[in-house]
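Me: Could you walk me through this one, feature by feature? I'd like the general idea each time, then the case at hand.

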Amino acid sequence: MTVYGSDDQGDDGADRRELAPTPSSPASPTSSSQSPLLSTVADEVSHRDPGYFQYYAQLQHQQNMLQDYMRTSTYFSAITQAGAPLFLNSVVMDVGAGSGILSYFAAQAGARKVYAVEASKMANKMRVMLDAARGQGAGRHPARNGYLQGRIEIIESKVEDIRQEIDKVDVIISEPIGVLLVHERMLESFIYARDKYLKPTGGVVYPSSGSIHLAPVSDAALWSETMSKVRFWEQSAFYGVDLRPFMELAYNEYFTAPVVGCFNPRSLMADCCLQSRGYTVDFNTVTAEEIKSFRVPIEWDIKYTGIIHAIGGWFDIAFTPPTDATLANPLLSE
C-alpha cells in the first residue's frame, strides 16, 4: 500500500503527506519557430481533460484551495515578505492563476505588470475582481483592492496556447503542485512557461524546487480498513450472485491504489531517508521529459521491529532565488 499526504489538506500544504496501501509485509498548435521540445510539451498538455478546467472554474473549489492555510500563507510569505525584492517593479507571469490569488500577492509586493494566465472560465471571475479595483461592475461600489489597478492583465488561455506577443518576464509564479509533487501534470506547463517566457539571466521561478520524501509506515487500522473493502467481494450470495471470482482482482486493485490523506508521523518506522533533503526536483533546470519518469532512491534505517503496512510519501517546496538573481538584485543578499 502506498499512502500519500493530502494535497488538499496540507494540493493540497507545503508539507504534503501521502499514503497508499500495500499487502502487509514484515519490517495545442504552436508557431513553426518554436523548438520541437516545446511543441511536444504543448501538444501533450493541450489534451488535458476539459473536466479539469470546468472543475477549477468553480469558486467552491477555489475556496478549498484558498482555505488551505499552509499553502496560502506559505505563498503569501514567499512573495510579499521573503521574496518581495524579486517582485518590486518586475514583470511577472502567473501560470494557472485560478482565482488570481498569486497575482494579487505579486501586485502587493510591487510588481509592475502581472500576466495572469488561466485557461478555465475562472478568468471571467478574475475580471470581476479587476473591475471592482476600478470601482466598476455590479453595484458601483467604491474601488476595492485599488492596488490591482493597471497591474494585472488576464490571459484566458493555456500557457501553451498563448497567441499574443509577450516579452520575457522577470518572475514566473505558479502553484503547479499535485499529490506527491507531480500529480495533475501542471509542472509541465510550469516548465513550458519557464523555457518560453522567462528571462535567461536573472529570471526566477517561484517555487524553485520540490523534495519528495518516502518512508515505511506501520498502520494496522489503515490496512484493516482497506481489507474490509476487499472483503465485500467475498460474498457468495449477493442477490443470488457469487462475487468471489472478483476477490483477487479487488485485492490487487485496492492494495495498489494510493490513499490520499493525512497520517500520523508517529507511524513512520524510519526516517524518510538517510539524506535529509529527500529527492529534490529543481524547477530551474528540470525538463519535461525528466519529470515523466524518474527513480527515487531510498535507504532506510528501520527504528523498530514491526509490520510495514504502507509506504508513506510527502513533499516540501522551496522558494530560493538562483544565484544570478541574487547578484542582479543586491536587496536579496542583505
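Predicted model: local features only at pLDDT ≥ 70, side-chain atom pairs only at ≥ 80, totals over all residues.

Me: Is Lys292 buried, partly exposed or exposed, and why?

Reply: Buried means under 20% relative accessible area, exposed means over 50%, and partly exposed is in between (1.4 Å probe, protein chains only). Lys292 has 37% relative accessibility, so it counts as partly exposed. Residues are numbered from 1 along each chain as its sequence is written, and side-chain values use heavy atoms, with hydrogens and water left out.

Me: Which residue forms a salt bridge with Lys292?

Reply: Side chains of opposite charge can pair when their charged atoms come close. The cut-off for a salt bridge is a side-chain nitrogen of Lys or Arg within 4 Å of a carboxyl oxygen of Asp or Glu. Here Lys292 pairs with Glu289, with the closest N and O atoms 3.0 Å apart. Glu289 is partly exposed too, because its relative accessible area is 45%.

Me: How are Lys292 and Glu289 separated in helix α11?

Reply: An α-helix has 3.6 residues a turn, so residues three or four places apart point the same way. Lys292 and Glu289 are 3 residues apart in α11 (residues 288-292), so about one helical turn separates them. Helices (H or I, at least four residues) and strands (E, at least two) are DSSP runs, numbered from the N terminus.

Me: How many salt bridges does the structure hold?

Reply: There are 10. One of them brings the side chains of Glu175 and Arg71 together at 2.3 Å, N to O. That pair links distant parts of the chain, 104 residues apart: Glu175 is in the loop between β6 and α8, and Arg71 is in helix α4 (residues 69-82). Arg71 counts as buried because its relative accessibility is 5%. Asp68 joins Arg71 and Glu175 in a network of salt bridges.

Me: And where is Arg194?

Reply: Look in helix α8. Arg194 meets Asp195 in a salt bridge (2.9 Å, N to O). At 10% relative accessibility Arg194 is classed as buried, while Asp195, at 36%, is partly exposed.

Me: Which residues touch the most other members of the largest nonpolar core?

Reply: In soluble globular proteins, nonpolar side chains tend to be buried together. A nonpolar core is a set of buried Ala, Val, Leu, Ile, Met, Phe, Trp, Tyr and Cys residues joined through side-chain atoms within 4.5 Å. The largest one has 60 residues, and Phe87 and Met93 touch the most other members. Helix α8 (residues 186-197) gives the most to this core, 7 residues. A second, separate core has 7 residues, among them Leu222 and Trp314.

Me: Which residues of helix α9 are buried?

Reply: In α9 (residues 220-230) they are Leu222, Thr226, Met227 and Val230. They cover an arc of only 130° around the axis, which puts them on the same side of α9; the arc is taken from the directions from the helix axis to the C-beta atoms.

Me: What about the backbone: which residues does the cis peptide bond join?

Reply: Most residues other than glycine have a negative phi, and most peptide bonds are trans. Tyr206 and Pro207 are joined by a cis bond, with omega about 10°. Asn145, not a glycine, has a positive phi of about 55°, and Leu180, not a glycine either, has one of about 50°.
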